Amino acid sequence: MFEHQVGCPDKGPDVLTSVDFVDEVTLEVAAGDGGNGAVAFRREKFVPLGGPSGGDGGRGGSVILVAHDRFSTLFDLRYRRIVRAERGEDGRGKDQFGKAGADVRIEVPVGTQVYDQESDALLADLHESGAELVVAQGGRGGRGNIKFATPYDRAPRRAQPGTPGERKKIRLVLKLLADIGIVGFPNVGKSTFIATVSRARPKVADYPFTTLVPNLGVVSLGVDRTFVIADIPGIIEGASEGAGLGLRFLKHVERTKVLLHMLSVDPDPEREPVADFDALMSELGRFDPSLLERPILVAVSKCDLPEAQKAYEAVREALEPRGFQVFAISSATNEGLTPLLEALEAILREPDDA
Ligand SMILES: Nc1nc2c(ncn2[C@@H]2O[C@H](COP(=O)(O)OP(=O)(O)OP(=O)(O)O)[C@@H](O)[C@H]2O)c(=O)[nH]1
Ligand SMILES: [Mg+2]
C-alpha cells in the first residue's frame, strides 16, 4: 500500500548526513559577453571594390537555473564560487557570424528560492520540477559592418562591440516542499513512522537526535492520492534559544499545509506528553506564529506499548476539548496508521481558502 520515496536517489536518503544537507549557498553567476561585430571587406578576384563582409558577433551564453526533483539538497553547489557561461565568438570577414556562447544550466532542487544577494530581492521561487530562471543573461553580439551599409555609405568602417553579459551574486535557499511536516520531541518515533508509511529510509535509533536533517517520504494511498511528508529533526524545549539542534529546520515546515505533532511516552519519567505538546507548541509559535494557525493533527505513537496506550487516553482527554484530533498509532504493528493518513489526506483535499 505504501510506495515511492523521495530523497537523493544516487545515495539513498539514509546516507544524507547533516554535512551533506546544504540548504543555503551563495554563488556568483557571470553570463558570457557578446562577441564583437567585425569590420571586413570582400576581396575577390575580378571584384575591384567589394562591399562590407564583417559578420555579427555571437551572443554570450546565459546562466540558467533549472529545478529538478532528482536533488534534495544544494550540496553540489557547495564549493562553487562562480559559474560562468561562454563568451560569444567575434564576427569575422567573409560574412561569417560568430558562434553563440553555450548556456550553462545549473540544476537545483525543487523548492529552491533565488535571491539577489545585494538587494535581497526574491528573483524566483522554483517550486516545480522543470521550472527555469535565466539568472544572468548573455550579452548581445555586436553587429558587423554588413549591417551598417547604406546607399550613401557602401563601405562602412564601423561595427558594434558585443554587450557585456550580466553578472550578479545570488543566494539560493532551499525550502523543502512537503504537504505535511512531522514535528515532535526526539525519540517519539517520527522517523520510524515515515519509514513505515513511505519508502524513505531514515536512520532509526533509541537515542535522541538520531535524525539530523529532514527526510522526505511520499505516501501513496492509491492512484492520485499521494502526498509528501517531511520528518523534521527532533525539537526540545528551549530550541528557539538554540537548545538541541535549534529550530533552523523548522523553515522546512513553513510551506507545509498540515503539521503532524507526534507525542509518545518517554523513558524519562520527568516528561509527560501533554506538557511536551504545550512546550513544543510554544517553541513553534516563537519561530513563526503562523505555524500555529494551520491544521495540526496529534498522533500518540508506540501504542503497541501499554504505557503509550495509557498516555493516548490522557492526551485525548486533554487535547480533544481544545479542538485537536488525536490518533493512536503504532509503527511497529501498523495499528492506526491508515486512519491517520486518511485524515491527513482529507485535510490536504480541502480547498485552500476553506
Ligand atoms: N514499540 C515501539 N517502538 C517504536 C515505535 N516507533 C518507534 N519506536 C522506537 O522508538 C525509538 C525512536 O524512534 P525514531 O523513529 O528514531 O524516533 P525519532 O522521533 O525519529 O527520533 P529523533 O530522530 O531522534 O528525533 C526507536 O528505538 C524505535 O525503534 C513503535 O511504534 N513501537
Ligand atoms: Mg528521527
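Begin by selecting the five strands of an open sheet, whose order is β3-β1-β8-β5-β6 and whose pairing is mixed. Strands are DSSP runs of E with at least two residues, helices are runs of H or I with at least four, and both are numbered from the N terminus; two strands pair if DSSP finds at least two bridges between them. Colour β3 (82-84) and β6 (122-126): these stand at the edges with a single partner strand each, so one side of each has no neighbour in the sheet. From one strand to the next, the twist averages 25°, the axes being lines fitted to C-alpha atoms and the angles running from 0 to 180 degrees between N-to-C directions.

This is a predicted model, in which local features need pLDDT of at least 70 and side-chain atom pairs count only at pLDDT 80 or more, while totals for chains, interfaces and linings use all residues. Residues are numbered from 1 along each chain as its sequence is written, and chains are lettered from A and ligands numbered from 1 in the order in which they are written.

Next, select β1 (residues 24-30), which runs parallel to β3 and is joined to it by three bridges. Show Val29 together with Val83, its bridge partner in β3.

Move to β5 (residues 112-116). Four bridges pair β5 with β6 in the antiparallel sense, and five join β5 to β8 (residues 167-174), also antiparallel. Then select the turn of the hairpin formed by β5 and β6, where five residues lie between the strands and Asp120 has a positive phi of about 65°.

Now select ligand 1. Of the 24 residues around it, Gly189, Ser191, Asp206, Thr211 and Gly234 come nearest; a residue is near if its C-beta atom, placed from the backbone, lies within 6 Å. Helix α1 (residues 190-197) gives the most to this shell, with three residues.

Finally, colour the chain by its domains, domain 1 (24-174) and domain 2 (177-349), with bounds from an automatic or database domain assignment. Their C-alpha centres lie 48 Å apart. Colouring by pLDDT, the predictor's confidence in each residue from 0 to 100, shows a chain average of 86, with 92% of the residues scoring at least 70.
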